[in-house]
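Hi,

Here is the structure I promised to pass on. Have a look at it first, and then read my notes below.

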Amino acid sequence: MVSLWLLKCGTNFLCRAVRLKGLKYSTRAKMKPGYQQANVVILHKDLADDFEAFCRANSSPLPLLYKSKCGEWSCGPLATGSDIREDCPEYCVFENGVLAKKVASLSSYTPQLQDMVTFYLGCSFGFESALKAAGVPVRNVEQGKNVSMYKTSVACIRAGQFHCPMVVSMRPVPEDKLDAAAQSTHVIPLAHGGPIHIGDPKLLGIQDLSQPDYGDPVKQCPGDVPVFWACGVTGIEAVKSCKPVLAFTHSPGCMFITDQKAETISPLTLEPAHCPLTFCISQNPQHYSIASKRAVQQIRAIEELVVEDPGSRGIRALFLQDELLKACLSLSHSSSVLITTGFPTHYMHNPPEETDGPPGAIAMAAMLQALRKEVVIVTDERALEMNQHIMRDAVEKGVIKTAVPVISFQSNGPDSALQFLCHDGDPSKPRFDHLVAIERSGRATDGNYYNMRGVNIKHLVDPIDDLFTTASTIAGITTTGIGDGGNELGMGKVKAAVKAYMPNGNLIACDVAADFAITAGVSNWGGYAVACALYVLNLCPIHWRYLHSGLGLSLTPDQQSLRMACLPTVAKEEEMLHILVKYGVRSGKTANLGLEVDGLTFHPYHSDIIQRLRNLTLA
């Protein structure tokens, strides 16, 4: 009779029964897999509006499922017959923001609850069945443990009296399952949605994964990568920061279970174009980024365009797919970027510089500035004054909005590069987190610097290569090289191909490798491509959300317009060439003093590439 009655009562009763038995997460999850669970915060009615605003501003850690009326115990839209005084296995009682005790029931607080409002917030436990369905092992469930939860250094957006660091949950995921993990959780935004960080926990301010602030430590298996999702325990931290006289929350791991499947609560449709894809952008520290399939396809099309080879130099042999994408994902996460350019190929002329390099460098700098990155350009001491004047003219002519500092680097000893790159020479305090070389003379295996004809121009080149070799030993600094022949700084990553396929390759090949090597038919085009790819990424909602740890609002129309204005245009790049010619800078291949780069006249060659880049970017 009892079993028949349970069947008639169905799911709703079973959910209540599970709660009333006070079972912990590991048991309850096995009994009710895939059902949406809720974190709970109960506050005095005078704080309710502020906390609701706090949830709206920080929707990834605090996705609001339901806000009760004042003194309402039930939660009909989520669970029939519920009673929030009894339905969590364990509650935390806070007095003046301090945890006073944990209790199994709130019934004794019924008089106080008459003047309080309950917030039901989405929980990542609800998406674990989706992870399993996607073939992603859930290590905490396998190990019979509560999930690991950590306070981070990421500050939530303040609203009224509420402000606190975001709390995250961590699940180890095999590297080959990262895409599946991102895609299966992205479509359940009310269970926190997709990851907000993948990789080294220290990038979130988490020092030791074995010491979670909440929950249990979960062991990683070989090949696992730590993946972090925003967590509703952020609500507990918010209560602590606000210090209300009395407040209640669920005890971490002892959530309210709804009657609804997680994927049925406001699910998103995973359209192929908006499918999130993950990419490793650093191994020191380990760091992955995310972008939509549409953005990835756009950037791959941009990359294919700029590797066109009108001079028939065989540059395609040096091409590595997705170097542009990964370099720009890394740049998107950066805060301070150092750019270097300058190739004194015309050793018989004064100045010896060529028109390839500076236009691409300034195009990248303009977009990085629009993205609120700090940017500095470093060049040879002998050309410092000229490059400062070029920058001044570029601002006056509207090529770039704000002048970028132009400096030089001189090696005065073995620690010169370290002192230049890091505050007080301390590798834990880098001044820059990304170095970019575009059409910059690169050191060959024999220590010399060669132009494409095999002429040694070492006497004209400062040892900026030392910055790149030193950066490779410093955690947190990523490097990118952009070149069109293989003798440029950073192109040591494709040194074997340069030696095999480029004229004079065995002699001229740069020996200094960057983390990413972007190959282009003309190096300037690679710089334009970086500016365009950064624009695409920062219009991608999936990347934007990940970049901002799931916090904040979308890009505003004014921000979008500012960034669009910083894209390369035919008019701006033609003006840039006029500025270079004014200072006697010549075309690389022919030494012509005119609107020409690498022997190709600006019209029709370069202007056509620029317009096609814009068409791809703004499509």
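Let's start with the largest pocket, which holds about 660 Å³ of space. A pocket here is an open set of points on a 1 Å grid over the protein atoms alone, where a 1.4 Å probe fits, with protein on both sides within 12 Å along at least five of seven lines. The volume is the space filled by probe spheres set on those points, which are joined across faces, edges and corners. Of the 33 lining residues, Ser 59, Ser 60, Pro 541, Arg 545 and Gly 550 are the closest to the pocket's centre; a lining residue has an atom within 4 Å of a point.

Before going on, please keep in mind that this is a predicted model: local features need pLDDT of at least 70 and side-chain atom pairs count only at pLDDT 80 or more, while totals for chains, interfaces and linings use all residues. Residues are numbered from 1 along each chain as its sequence is written, and side-chain values use heavy atoms, with hydrogens and water left out.

Which helix gives the most to the lining of the largest pocket? That is helix 18, with 5 residues. Helix 3, helix 7 (178-186), helix 17 (523-539) and helix 18 (541-547) each supply at least two. Helices (H or I, at least four residues) and strands (E, at least two) are DSSP runs, numbered from the N terminus. By type, the lining has 18 nonpolar, 13 polar and 2 charged residues. Nonpolar covers Ala, Val, Leu, Ile, Met, Phe, Trp, Tyr, Cys and Pro, charged covers Asp, Glu, Lys and Arg, and the others, Gly among them, are polar.

Next, find helix 8 (residues 234-242), where 8 of 9 residues are buried. Buried means under 20% relative accessible area, exposed over 50%, and partly exposed in between (1.4 Å probe, protein chains only). The buried residues of helix 8, including Ile 236 and Val 239, pack against several elements, among them strand 1 (35-44), helix 3 (45-57) and strand 10 (246-250). Contact means heavy atoms within 4.5 Å.

Is Lys 243 buried or exposed? Lys 243 counts as exposed because its relative accessibility is 52%.

Glu 439 also has a positive phi, near 45°, but Glu 439 sits in strand 17 and counts as buried, because its relative accessibility is 3%.

Strand 17 pairs with strand 14 (336-342) in the parallel sense over 6 bridges, and Ile 339 has Val 436 as its bridge partner. Two strands pair if DSSP finds at least two bridges between them. Strand 17 also runs parallel to strand 18 (478-483), joined by 5 bridges, with His 434 opposite Thr 478. The chain gets from strand 17 to strand 18 through helix 14 (465-471), in a right-handed β-α-β crossover. Right-handed means that, with the strands pointing away from you, the path from the first strand over the helix to the second runs clockwise.

Last, two cis peptide bonds. One goes from Asn 284 to Pro 285, with omega near 0°, and Pro 285 lies in the loop between strand 12 (276-283) and strand 13 (286-292). Another goes from His 603 to Pro 604, with omega near 10°, and Pro 604 is in helix 21 (602-617).

Cheers
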